[in-house]
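Q: I would like to learn how to read a few features in a structure. Please take them one at a time.

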Amino acid sequence: MDFEFPFPADMLVPALVAVLVGVIGMLAYMSLKPPPAKICGSVNGPPIESPRVRLSDGRHLAYREVGVPREEARHKIVVVHGFNSSKDMNLPIDRELIDELKLYVLYYDRAGYGESDPHSPRSVKDEAYDIQELADRLGIGPKFYVIGVSMGGYPAWSCLKYIPHRLSGVALVVPFVHYWWPKFPRSLMQGAFMKLPLLDQWTFRLGYHAPWLIYRWMTQKLFTPLSIMSGDMTMFSRKDLDVLNNKSFSTNLRRDKVTQQGVYPSIHQDFITAYSRWGFGPLELENPFQNHEGSVHIWQGYEDKIIPYEVNRYIADKLPWIRYHEVPDGGHLFMYERDFCVRLIRSLVAAPLS
Ligand SMILES: *[C@@H]1O[C@H](CO)[C@@H](O)[C@H](O)[C@H]1NC(C)=O
Ligand SMILES: *[C@@H]1O[C@H](CO)[C@@H](O)[C@H](O)[C@H]1NC(C)=O
(Lines give C-alpha, C1' and ligand atoms only; values in the text may rest on other atoms or scores of the structure.)
(Ligands and ions follow the chains in the order given, each with its own letter.)
Protein backbone atom coordinates (compact mmCIF):
# COMPACT_ATOMS: atom_id res chain seq x y z
CA MET A 1 0.00 0.00 0.00
CA ASP A 2 1.16 3.37 -0.88
CA PHE A 3 1.55 5.59 2.12
CA GLU A 4 1.63 9.30 1.68
CA PHE A 5 2.59 11.86 4.28
CA PRO A 6 0.45 14.97 4.34
CA PHE A 7 3.55 16.49 2.88
CA PRO A 8 6.75 14.92 1.64
CA ALA A 9 9.10 13.52 4.26
CA ASP A 10 11.96 15.67 3.13
CA MET A 11 9.94 18.69 4.22
CA LEU A 12 9.05 17.19 7.59
CA VAL A 13 12.46 17.58 9.18
CA PRO A 14 12.86 21.25 8.33
CA ALA A 15 9.28 21.86 9.49
CA LEU A 16 9.92 20.17 12.83
CA VAL A 17 13.15 22.10 13.23
CA ALA A 18 11.31 25.32 12.50
CA VAL A 19 8.66 24.57 15.11
CA LEU A 20 11.29 23.60 17.65
CA VAL A 21 13.30 26.75 17.01
CA GLY A 22 10.08 28.75 17.34
CA VAL A 23 9.26 27.20 20.72
CA ILE A 24 12.79 27.65 22.06
CA GLY A 25 12.81 31.20 20.75
CA MET A 26 9.52 31.94 22.46
CA LEU A 27 10.71 30.48 25.77
CA ALA A 28 13.92 32.45 25.53
CA TYR A 29 12.01 35.58 24.64
CA MET A 30 9.67 35.13 27.59
CA SER A 31 12.57 34.89 30.00
CA LEU A 32 14.33 37.81 28.34
CA LYS A 33 11.28 39.99 28.52
CA PRO A 34 10.94 41.87 31.78
CA PRO A 35 7.61 41.75 33.64
CA PRO A 36 5.41 44.84 33.24
CA ALA A 37 6.19 47.78 35.52
CA LYS A 38 4.13 48.29 38.69
CA ILE A 39 3.21 51.88 37.90
CA CYS A 40 2.79 54.21 40.88
CA GLY A 41 -0.81 55.07 41.49
CA SER A 42 -2.14 52.17 39.35
CA VAL A 43 -4.44 49.54 40.85
CA ASN A 44 -1.73 47.18 42.10
CA GLY A 45 1.07 49.67 42.05
CA PRO A 46 2.75 51.53 44.90
CA PRO A 47 1.03 54.66 46.23
CA ILE A 48 1.89 58.20 45.16
CA GLU A 49 3.28 59.96 48.22
CA SER A 50 5.29 62.80 46.72
CA PRO A 51 4.42 65.84 44.65
CA ARG A 52 4.72 65.23 40.91
CA VAL A 53 4.58 67.25 37.72
CA ARG A 54 2.94 66.03 34.54
CA LEU A 55 5.08 66.25 31.42
CA SER A 56 3.77 67.01 27.94
CA ASP A 57 3.93 63.32 26.96
CA GLY A 58 1.73 62.43 29.95
CA ARG A 59 4.46 61.00 32.17
CA HIS A 60 4.87 62.19 35.74
CA LEU A 61 8.08 63.10 37.52
CA ALA A 62 8.16 63.08 41.32
CA TYR A 63 10.28 65.66 43.09
CA ARG A 64 11.48 66.82 46.51
CA GLU A 65 12.38 70.40 47.33
CA VAL A 66 14.90 71.51 49.92
CA GLY A 67 16.00 74.99 50.95
CA VAL A 68 14.41 78.41 50.71
CA PRO A 69 11.19 78.91 48.73
CA ARG A 70 11.73 79.21 44.95
CA GLU A 71 10.76 82.90 44.91
CA GLU A 72 13.37 83.79 47.51
CA ALA A 73 16.16 81.68 46.08
CA ARG A 74 19.33 83.23 44.75
CA HIS A 75 20.59 79.90 43.37
CA LYS A 76 18.39 77.10 42.07
CA ILE A 77 20.03 73.71 41.84
CA VAL A 78 18.66 70.55 40.24
CA VAL A 79 20.34 67.43 41.62
CA VAL A 80 20.41 64.38 39.36
CA HIS A 81 20.69 61.12 41.26
CA GLY A 82 22.79 58.13 40.29
CA PHE A 83 22.24 54.46 39.58
CA ASN A 84 19.95 52.63 42.02
CA SER A 85 19.17 55.89 43.80
CA SER A 86 16.31 58.40 43.86
CA LYS A 87 15.21 61.90 44.83
CA ASP A 88 15.62 60.71 48.41
CA MET A 89 19.38 60.81 48.04
CA ASN A 90 20.55 63.05 50.77
CA LEU A 91 23.39 65.48 50.19
CA PRO A 92 24.60 67.02 53.45
CA ILE A 93 23.50 70.58 52.59
CA ASP A 94 22.72 72.09 55.96
CA ARG A 95 20.50 74.97 57.01
CA GLU A 96 23.41 77.32 57.52
CA LEU A 97 24.58 76.98 53.93
CA ILE A 98 21.04 77.17 52.58
CA ASP A 99 20.36 80.41 54.39
CA GLU A 100 23.70 81.97 53.62
CA LEU A 101 23.56 81.26 49.88
CA LYS A 102 19.75 81.30 49.59
CA LEU A 103 19.72 77.88 47.98
CA TYR A 104 16.75 76.11 46.48
CA VAL A 105 17.57 72.46 45.80
CA LEU A 106 15.36 70.29 43.62
CA TYR A 107 15.73 66.53 43.70
CA TYR A 108 13.65 64.38 41.36
CA ASP A 109 13.16 60.72 40.55
CA ARG A 110 14.54 60.00 37.11
CA ALA A 111 12.15 58.12 34.79
CA GLY A 112 11.20 54.72 36.22
CA TYR A 113 12.78 55.32 39.63
CA GLY A 114 10.81 55.92 42.82
CA GLU A 115 7.52 57.55 41.93
CA SER A 116 8.32 58.76 38.42
CA ASP A 117 6.63 57.00 35.52
CA PRO A 118 8.79 54.66 33.46
CA HIS A 119 9.84 55.82 30.03
CA SER A 120 10.58 53.14 27.47
CA PRO A 121 12.51 53.32 25.32
CA ARG A 122 14.38 56.42 26.27
CA SER A 123 17.51 58.22 25.22
CA VAL A 124 20.28 60.32 26.69
CA LYS A 125 18.63 63.35 25.09
CA ASP A 126 15.35 62.68 26.93
CA GLU A 127 17.15 63.11 30.24
CA ALA A 128 17.99 66.75 29.49
CA TYR A 129 14.47 67.52 28.32
CA ASP A 130 12.99 65.87 31.42
CA ILE A 131 15.06 68.23 33.56
CA GLN A 132 14.08 71.25 31.49
CA GLU A 133 10.40 70.40 31.59
CA LEU A 134 10.46 69.69 35.31
CA ALA A 135 12.10 73.07 35.92
CA ASP A 136 9.55 74.82 33.73
CA ARG A 137 6.50 73.13 35.26
CA LEU A 138 7.74 74.28 38.65
CA GLY A 139 8.56 77.70 37.27
CA ILE A 140 12.03 77.87 38.76
CA GLY A 141 13.13 80.36 36.12
CA PRO A 142 15.09 80.58 32.88
CA LYS A 143 18.36 79.29 34.37
CA PHE A 144 19.37 76.74 36.97
CA TYR A 145 22.39 74.77 38.13
CA VAL A 146 22.66 71.04 37.53
CA ILE A 147 24.59 68.66 39.77
CA GLY A 148 24.86 65.18 38.27
CA VAL A 149 26.13 62.51 40.64
CA SER A 150 27.72 59.30 39.32
CA MET A 151 25.26 57.76 36.81
CA GLY A 152 23.49 61.13 37.07
CA GLY A 153 26.50 62.37 35.12
CA TYR A 154 25.06 61.31 31.78
CA PRO A 155 21.93 63.48 32.16
CA ALA A 156 24.28 66.32 33.12
CA TRP A 157 26.35 65.81 29.93
CA SER A 158 23.06 65.71 28.08
CA CYS A 159 22.12 69.11 29.56
CA LEU A 160 25.44 70.55 28.37
CA LYS A 161 24.69 69.22 24.90
CA TYR A 162 20.99 69.97 24.51
CA ILE A 163 20.00 72.77 26.90
CA PRO A 164 23.20 74.80 27.50
CA HIS A 165 21.23 78.08 27.38
CA ARG A 166 19.23 76.97 30.43
CA LEU A 167 22.24 76.39 32.65
CA SER A 168 23.71 78.60 35.35
CA GLY A 169 26.49 76.06 35.92
CA VAL A 170 27.10 72.34 36.06
CA ALA A 171 28.91 70.05 38.48
CA LEU A 172 29.63 66.53 37.28
CA VAL A 173 30.42 64.60 40.43
CA VAL A 174 32.26 61.28 40.06
CA PRO A 175 30.49 61.23 36.69
CA PHE A 176 29.65 58.14 34.69
CA VAL A 177 32.16 57.06 32.06
CA HIS A 178 31.07 55.47 28.78
CA TYR A 179 33.89 53.23 27.58
CA TRP A 180 32.74 53.53 23.95
CA TRP A 181 32.67 57.33 23.78
CA PRO A 182 34.04 58.61 20.49
CA LYS A 183 37.41 60.34 20.06
CA PHE A 184 39.12 58.95 23.17
CA PRO A 185 42.47 57.19 22.85
CA ARG A 186 41.86 53.46 22.80
CA SER A 187 44.68 52.74 25.22
CA LEU A 188 43.23 55.12 27.82
CA MET A 189 39.78 53.57 27.66
CA GLN A 190 41.12 50.04 27.64
CA GLY A 191 43.43 50.68 30.55
CA ALA A 192 40.59 52.09 32.64
CA PHE A 193 38.19 49.35 31.57
CA MET A 194 40.60 46.54 32.38
CA LYS A 195 40.89 47.79 35.96
CA LEU A 196 37.25 46.89 36.52
CA PRO A 197 36.22 43.48 37.87
CA LEU A 198 35.83 40.97 35.04
CA LEU A 199 32.08 40.49 35.45
CA ASP A 200 31.50 44.24 35.49
CA GLN A 201 33.36 44.44 32.20
CA TRP A 202 31.01 41.88 30.69
CA THR A 203 27.96 43.65 32.06
CA PHE A 204 29.12 46.93 30.52
CA ARG A 205 29.84 45.21 27.21
CA LEU A 206 26.35 43.74 27.18
CA GLY A 207 24.83 47.12 28.05
CA TYR A 208 26.45 48.50 24.92
CA HIS A 209 26.28 45.58 22.47
CA ALA A 210 23.25 43.56 23.61
CA PRO A 211 20.95 45.66 25.81
CA TRP A 212 18.08 43.22 25.16
CA LEU A 213 19.98 40.70 27.31
CA ILE A 214 20.39 43.02 30.30
CA TYR A 215 17.23 42.06 32.13
CA ARG A 216 18.07 38.34 31.98
CA TRP A 217 21.74 38.92 32.80
CA MET A 218 21.06 41.19 35.75
CA THR A 219 18.42 38.95 37.31
CA GLN A 220 20.09 35.52 36.95
CA LYS A 221 21.24 33.95 40.19
CA LEU A 222 24.47 32.21 39.13
CA PHE A 223 26.78 35.16 39.71
CA THR A 224 26.67 38.83 40.64
CA PRO A 225 26.76 40.80 37.38
CA LEU A 226 27.86 44.07 38.99
CA SER A 227 30.26 44.18 41.88
CA ILE A 228 28.36 47.02 43.61
CA MET A 229 25.47 44.55 43.96
CA SER A 230 27.53 42.07 45.93
CA GLY A 231 27.77 42.75 49.62
CA ASP A 232 31.57 42.50 49.77
CA MET A 233 32.25 46.26 49.61
CA THR A 234 35.49 45.88 47.65
CA MET A 235 34.37 48.57 45.24
CA PHE A 236 34.36 51.16 48.00
CA SER A 237 37.43 53.01 49.16
CA ARG A 238 38.35 53.41 52.83
CA LYS A 239 36.72 56.85 52.95
CA ASP A 240 33.60 55.53 51.22
CA LEU A 241 33.21 52.97 53.99
CA ASP A 242 33.36 55.76 56.59
CA VAL A 243 30.46 57.44 54.82
CA LEU A 244 28.46 54.23 54.60
CA ASN A 245 29.15 53.39 58.24
CA ASN A 246 28.08 56.80 59.53
CA LYS A 247 25.03 55.89 61.57
CA SER A 248 23.89 59.48 61.95
CA PHE A 249 23.73 60.05 58.21
CA SER A 250 22.06 58.16 55.40
CA THR A 251 22.94 58.60 51.72
CA ASN A 252 19.34 57.72 50.87
CA LEU A 253 16.31 58.52 52.99
CA ARG A 254 13.96 55.94 51.43
CA ARG A 255 15.84 52.97 49.97
CA ASP A 256 12.65 50.93 49.75
CA LYS A 257 11.16 53.16 47.05
CA VAL A 258 14.04 53.20 44.57
CA THR A 259 13.00 50.18 42.46
CA GLN A 260 9.43 49.78 43.69
CA GLN A 261 8.06 49.90 40.13
CA GLY A 262 10.38 47.10 39.07
CA VAL A 263 14.11 46.68 38.50
CA TYR A 264 13.73 46.87 34.73
CA PRO A 265 12.05 50.28 34.34
CA SER A 266 14.39 51.77 36.93
CA ILE A 267 17.95 50.48 37.18
CA HIS A 268 18.11 48.32 34.05
CA GLN A 269 16.76 50.97 31.72
CA ASP A 270 18.98 53.57 33.31
CA PHE A 271 21.96 51.32 32.66
CA ILE A 272 20.88 50.61 29.08
CA THR A 273 20.36 54.30 28.35
CA ALA A 274 23.71 55.24 29.84
CA TYR A 275 25.49 52.65 27.66
CA SER A 276 23.49 53.40 24.53
CA ARG A 277 24.99 55.21 21.57
CA TRP A 278 24.70 58.83 22.61
CA GLY A 279 25.23 60.46 19.26
CA PHE A 280 27.93 62.66 20.82
CA GLY A 281 30.72 62.47 23.35
CA PRO A 282 31.97 64.95 25.96
CA LEU A 283 35.01 65.81 23.86
CA GLU A 284 32.73 67.26 21.17
CA LEU A 285 31.04 69.72 23.52
CA GLU A 286 31.64 73.43 23.60
CA ASN A 287 31.93 75.74 26.52
CA PRO A 288 28.39 76.96 27.26
CA PHE A 289 29.80 79.92 29.19
CA GLN A 290 31.88 81.80 26.62
CA ASN A 291 31.58 84.97 28.71
CA HIS A 292 32.35 83.26 32.03
CA GLU A 293 28.75 83.71 33.15
CA GLY A 294 28.87 80.27 34.72
CA SER A 295 31.21 77.33 35.23
CA VAL A 296 31.43 73.61 34.63
CA HIS A 297 33.15 71.35 37.15
CA ILE A 298 34.20 67.74 37.34
CA TRP A 299 34.75 66.30 40.81
CA GLN A 300 36.59 63.02 40.93
CA GLY A 301 38.04 60.84 43.67
CA TYR A 302 41.51 59.51 42.95
CA GLU A 303 40.64 56.36 44.87
CA ASP A 304 37.28 55.88 43.19
CA LYS A 305 37.07 52.21 42.17
CA ILE A 306 33.69 52.54 40.44
CA ILE A 307 34.58 55.43 38.12
CA PRO A 308 38.28 55.41 37.21
CA TYR A 309 39.84 58.86 37.52
CA GLU A 310 41.90 58.49 34.32
CA VAL A 311 39.02 59.13 31.94
CA ASN A 312 37.55 62.13 33.72
CA ARG A 313 40.99 63.62 34.20
CA TYR A 314 41.54 63.24 30.45
CA ILE A 315 38.25 65.00 29.64
CA ALA A 316 39.17 67.92 31.87
CA ASP A 317 42.60 68.02 30.28
CA LYS A 318 41.12 68.23 26.79
CA LEU A 319 38.38 70.69 27.73
CA PRO A 320 40.15 73.52 29.56
CA TRP A 321 36.83 75.24 30.30
CA ILE A 322 36.03 72.45 32.74
CA ARG A 323 37.39 72.97 36.24
CA TYR A 324 38.74 69.70 37.51
CA HIS A 325 38.78 68.90 41.21
CA GLU A 326 40.51 65.65 42.07
CA VAL A 327 40.18 64.56 45.67
CA PRO A 328 43.39 62.66 46.52
CA ASP A 329 41.92 60.26 49.08
CA GLY A 330 38.37 60.54 47.76
CA GLY A 331 36.45 57.50 46.60
CA HIS A 332 33.01 57.40 45.05
CA LEU A 333 31.04 58.92 47.94
CA PHE A 334 33.01 61.93 49.14
CA MET A 335 30.17 64.33 48.23
CA TYR A 336 28.30 62.84 51.18
CA GLU A 337 30.93 64.28 53.53
CA ARG A 338 29.73 67.67 54.65
CA ASP A 339 32.92 69.59 53.98
CA PHE A 340 33.23 68.36 50.39
CA CYS A 341 29.60 69.00 49.74
CA VAL A 342 29.99 72.59 50.94
CA ARG A 343 33.07 73.09 48.74
CA LEU A 344 31.24 71.66 45.78
CA ILE A 345 28.25 73.95 46.16
CA ARG A 346 30.35 77.03 46.89
CA SER A 347 32.54 76.54 43.84
CA LEU A 348 29.49 75.97 41.65
CA VAL A 349 27.57 79.07 42.68
CA ALA A 350 30.59 81.33 43.20
CA ALA A 351 30.16 84.72 41.55
CA PRO A 352 31.10 84.39 37.89
CA LEU A 353 34.47 85.76 36.81
CA SER A 354 34.16 88.98 34.91
C1 LIG B 1 20.29 48.42 44.65
O2 LIG B 1 20.28 48.71 46.03
C3 LIG B 1 19.76 47.67 46.83
C4 LIG B 1 19.64 48.16 48.26
O5 LIG B 1 20.78 48.82 48.69
C6 LIG B 1 20.64 46.43 46.69
O7 LIG B 1 20.13 45.37 47.45
C8 LIG B 1 20.71 46.02 45.22
O9 LIG B 1 21.60 44.94 45.04
C10 LIG B 1 21.15 47.18 44.36
N11 LIG B 1 21.06 46.81 42.97
C12 LIG B 1 22.06 46.99 42.11
C13 LIG B 1 21.80 46.55 40.70
O14 LIG B 1 23.10 47.52 42.40
C1 LIG C 1 28.30 61.61 60.21
O2 LIG C 1 27.19 62.35 59.71
C3 LIG C 1 26.86 63.48 60.51
C4 LIG C 1 25.57 64.07 59.97
O5 LIG C 1 25.69 64.46 58.64
C6 LIG C 1 28.01 64.47 60.48
O7 LIG C 1 27.70 65.60 61.27
C8 LIG C 1 29.27 63.77 61.02
O9 LIG C 1 30.37 64.64 60.87
C10 LIG C 1 29.54 62.49 60.26
N11 LIG C 1 30.62 61.76 60.89
C12 LIG C 1 31.69 61.35 60.24
C13 LIG C 1 32.70 60.58 61.02
O14 LIG C 1 31.88 61.57 59.04
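A: This is a predicted model, in which local features need pLDDT of at least 70, side-chain atom pairs count only at pLDDT 80 or more, and totals for chains, interfaces and linings use all residues. Residues are numbered from 1 along each chain as its sequence is written, chains are lettered from A and ligands numbered from 1 in the order in which they are written, and side-chain values use heavy atoms, with hydrogens and water left out.

Q: Which residues in helix α5 are buried?

A: Buried means under 20% relative accessible area, exposed over 50%, and partly exposed in between (1.4 Å probe, protein chains only). Helices (H or I, at least four residues) and strands (E, at least two) are DSSP runs, numbered from the N terminus. In α5, which spans residues 186-194, the buried residues are L188, M189, A192 and F193.

Q: Why do the buried residues of α5 line one face of the helix?

A: An α-helix has 3.6 residues a turn, so residues three or four places apart point the same way. The arc is that of the directions from the helix axis to the C-beta atoms. Viewed down the axis of α5, the buried residues fall within an arc of 125 degrees, so they line one face. R186 and S187, on the other side of α5, are exposed.

Q: What covers the buried residues of α5?

A: Contact means heavy atoms within 4.5 Å. The cover includes α6 (198-209) and α10 (309-318).

Q: Where is P121, and with which residues is P121 in contact, leaving aside its neighbours within four places in sequence?

A: P121 sits in the loop between β4 (103-108) and α3 (124-137). P121 is exposed, at a relative accessible area of 70%. Leaving aside neighbours within four places in sequence, P121 is in contact with D126 and Q269.

Q: Which residues are around ligand 1?

A: A residue is near a molecule or strand if one of its heavy atoms lies within 4 Å of it. Around ligand 1 these are F83, N84, M229, R255 and I267. A polar contact is a pair of N or O atoms within 3.5 Å; within protein, one must be able to donate a hydrogen and the other to accept it, and residues adjacent in sequence count only if both atoms are side-chain atoms. A polar side-chain atom of N84 is 2.4 Å from an oxygen atom of ligand 1, and one of R255 is 3.3 Å from an oxygen atom of ligand 1.
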